[in-house]
Amino acid sequence: MSWYELVEQIWNDETALLALGLLSLFSLLVSMFLIPLLIVRIPVDYFSEEKRHILPWASRHIAFRWLGLVLKNIVGTLFIALGIAMLFLPGQGLLTMFVGILLLNFPGKYRLERWLIRRPSVRNAANWLRHKAGRPPLRFDGFE
């Protein structure tokens with residue numbers, strides 16, 4: 001099936017159009033409310049250390065740690081998918097994908113986070129949201 005045929009099929013399918021419209025609305029609402037909330041909750045010095053901070057729930061019972069880890073990774077995957085969709089739909093795609101990456105667990109994640117936050121568009125958007133919430137800008141001691 002060619003790209004043209006796929007677009008034609010979607011335009012002729014009311015269910016597909018409704019699903020895409022709802023996805024667009026959902027991604028817009030997520031980017032408007034949840035992304036700023038998560039960005040302002042990042043500790044000011046999160047990116048200033050060479051190694052990652054110890055997480056607050058590291059001393060909890062293993063069942064709670066695993067449940068939290070699984071839920072956090074599911075939400076992170078959803079944010080990355082929404083961020084990719086927002087590259088074509090309304091919303092802040094790069095910032096949404098950045099938050100999704102913050103929520104995921106994988107080897108080399110902290111290095112990737114630090115690399116991404118050094119991108120001026122991501123850093124400026126994050127610090128603008130923090131400024132609007134009355135929070136200080138993120139510090140990048142040691143690598144800027």
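This is a predicted model: local features need pLDDT of at least 70, side-chain atom pairs count only at pLDDT 80 or more; totals for chains, interfaces and linings use all residues.
Colleague: How many aromatic pairs does the structure hold?

Modeller: There are two aromatic pairs in the structure.

Colleague: Why does tyrosine 110 count as buried?

Modeller: Its relative accessibility is 10%, so tyrosine 110 counts as buried, given that buried means under 20%.

Colleague: Changing topic, where does arginine 119 lie?

Modeller: Arginine 119 lies over the face of tryptophan 115, and the distance from the ring centre is 4.3 Å.

Colleague: What about salt bridges, how many does a search of the whole structure find?

Modeller: Searching the whole structure gives one salt bridge. In it, the side chains of lysine 109 and glutamate 113 come together at 3.5 Å, N to O. Both of these residues are in helix α5, four residues apart, which is about one turn of the helix.

Colleague: Is lysine 109 buried or exposed?

Modeller: Lysine 109 counts as buried because its relative accessibility is 3%, and glutamate 113 is buried too, with a relative accessible area of 0%.

Colleague: Which residues in α5 are buried?

Modeller: The buried residues of α5 are Lys109, Tyr110, Glu113, Arg114, Leu116 and Ile117. They cover an arc of only 165° around the axis, so they are on the same side of α5. Among the elements that cover these buried residues are α3, α4 and α6.

Colleague: How many residues of α4 are buried?

Modeller: Ten of the eleven residues of α4 are buried, so this helix is largely enclosed by the rest of the structure. They include Phe98, Val99 and Leu103, and what covers the buried residues of α4 includes α2, α3, α5 and α6.

Colleague: How many residues does the largest nonpolar core have?

Modeller: The largest nonpolar core has 23 residues, and those with the most contacts inside it are Ile35, Ile39, Ile42, Phe47, Phe98, Ile117 and Leu138. At least two residues of this core come from each of α2, α3, α4 (93–103), α5 and α6 (120–132). The helix that gives the most is α4, with six residues.

Colleague: Which residues does isoleucine 35 touch?

Modeller: If residues up to four places away in sequence are left aside, isoleucine 35 touches Val30, Phe79, Leu95, Thr96 and Val99.

Colleague: Now phenylalanine 106, where does that one lie?

Modeller: Phenylalanine 106 is in the loop between α4 and α5, and it counts as partly exposed because its relative accessibility is 33%. Not counting residues up to four places away in sequence, phenylalanine 106 touches Ile101 and Leu112.

Colleague: Last, the whole chain: how many helices and strands does the chain have?

Modeller: The chain has six helices and zero strands, and its C-alpha trace spans about 55 × 40 × 30 Å along the principal axes. Of the 144 residues in the chain, 33% are buried. Among contacts between residues at least 6 apart in sequence, 64% join residues at least 24 apart.

Methods: Residues are numbered from 1 along each chain as its sequence is written. Side-chain values use heavy atoms; hydrogens and water are left out. Rings of Phe, Tyr and Trp (its six-membered ring) pair if their centres lie within 6.5 Å; planes under 30 degrees apart count as stacked, over 60 as edge-to-face and the rest as tilted. Buried means under 20% relative accessible area, exposed over 50%, partly exposed in between (1.4 Å probe, protein chains only). A charge sits over a ring if NZ of Lys or CZ of Arg is within 6 Å of the ring centre and within 35 degrees of the ring normal. A nonpolar core is a set of buried Ala, Val, Leu, Ile, Met, Phe, Trp, Tyr and Cys residues joined through side-chain atoms within 4.5 Å. Contact means heavy atoms within 4.5 Å. A salt bridge is a side-chain nitrogen of Lys or Arg within 4 Å of a carboxyl oxygen of Asp or Glu. The arc is that of the directions from the helix axis to the C-beta atoms.
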